[in-house]
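Hi everyone, thanks for making time today.

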Amino acid sequence: MGRVIADATEAAAELGRAVDEAKSVVFFGGAGVSTASGIPAFRSEDGLYHQHFKYPPEEMLSHDFYVTHTAEFYDFYRTRMIALGAKPNQAHLKLAELERAGKLTAVITQNIDGLHQAASSRNVLELHGSVHRNVCQRCGRVYSAEWIMGTEGVPRCPECGGAVKPDVVLYGESLDERVLLASVKAIESADLLIIGGTSLVVYPAAGLVNYFGGSRLVIVNRQPTPQDASADLVCACDIAKAFDF
């Protein structure tokens with residue numbers, strides 16, 4: 001294991017140095033990137049998995065539940081999955097800045113909130129989809145999260161009457177193969193991989209890290225991860241502060 005830094009100011013300085021020395025940076029992020037914007041992680045103490053609902057959250061976020069309890073799925077989706085008031089934090093903003101500077105080639109995210117795009121990142125590979133794309137299952141028209149929030153019950157396409165389904169990967173559904181392949185390609189071509197805000201326990205997404213063969217691996221996460229032993233640098237601090245360089 002490389003160096004472990006808990007002090008956010010020191011971590012930011014070290015992370016900044018690692019980025020300066022790199023030619024091609026890829027960021028792989030999870031829920032912890034969004035918690036700094038006020039969106040609780042599912043598995044955090046105040047997250048969905050620790051709250052009480054009529055059904056377990058894992059069940060309500062499954063393909064089977066979407067099919068068999070569609071109206072209840074949408075009630076949950078509107079109230080718990082869409083966070084239109086959330087704003088990008090320093091981590092999102094710095095990553096977008098690094099992309100504009102030609103340092104960062106891709107952001108790979110497990111989040112569905114669209115905050116990387118809101119921060120103006122362009123090459124964002126969304127492993128689990130996005131609440132900002134909701135697709136008519138009959139004609140293919142795409143509707144925004146704002147449009148969904150303005151509907152009730154099961155949203156129907158105004159053009160053809162088809163059911164509108166979130167472009168979000170539910171439990172029991174497969175990840176988009178094109179996004180997976182693009183993620184693998186990006187990770188393989190990077191000389192610096194920064195993993196941030198993820199416990200690396202959700203597969204298949206966590207398995208993508210195994211494709212990295214570059215020179216430097218940095219992990220930015222408050223809690224230990226299974227990959228810490230392989231990392232050159234571990235920033236065990238607030239992710240927004242770690243990206244304040």
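Predicted model: local features only at pLDDT ≥ 70, side-chain atom pairs only at ≥ 80, totals over all residues.

Residues are numbered from 1 along each chain as its sequence is written, and side-chain values use heavy atoms, with hydrogens and water left out.

Now the overall picture. The protein chain has 10 helices and 10 strands; here helices (H or I, at least four residues) and strands (E, at least two) are DSSP runs numbered from the N terminus. Its radius of gyration is 18 Å, close to the 18 Å that the globule rule gives for 245 residues, so the chain is as compact as a globular protein of that length. That radius is taken over C-alpha atoms, and the rule is 2.2 Å times the number of residues to the power 0.38. Along its principal axes, the C-alpha trace spans about 55 × 35 × 30 Å. Of the 245 residues, 51% are buried.

On to the charges. Lys and Arg count as positive and Asp and Glu as negative, leaving out His and the chain ends. By that count, there are 22 positive and 29 negative side chains. Side chains of opposite charge can pair when their charged atoms come close. For a salt bridge, we ask for a side-chain nitrogen of Lys or Arg within 4 Å of a carboxyl oxygen of Asp or Glu. How many does a search of the whole structure find? The search finds 13 salt bridges.

Let's look at three of them. Arg3 pairs with Glu10 at 2.3 Å, N to O. Arg3 is partly exposed at 40%, and Glu10 is partly exposed too, at 34%.

Next, Glu14 meets Arg17 at 2.6 Å, N to O. Both sit in helix 1 (residues 8-21), 3 residues apart, so about one helical turn separates them. Is Glu14 buried or exposed? Glu14 counts as buried, at 14%, whereas Arg17 is partly exposed at 42%.

Finally, Arg133 and Asp167 form a salt bridge at 2.8 Å, N to O. This pair links distant parts of the chain, with Arg133 in strand 5 (residues 129-136) and Asp167 in strand 7 (residues 164-168), 34 residues apart. Arg133 is partly exposed at 30%, and Asp167 is partly exposed at 33%. As for Arg3, Glu10, Glu14 and Arg17, salt bridges that share partners join them into one network.

Definitions and conventions: Buried < 20%, exposed > 50% of the residue type's maximum accessible area, 1.4 Å probe, protein only. Charge placed at Lys NZ, Arg CZ, Asp CG, Glu CD.
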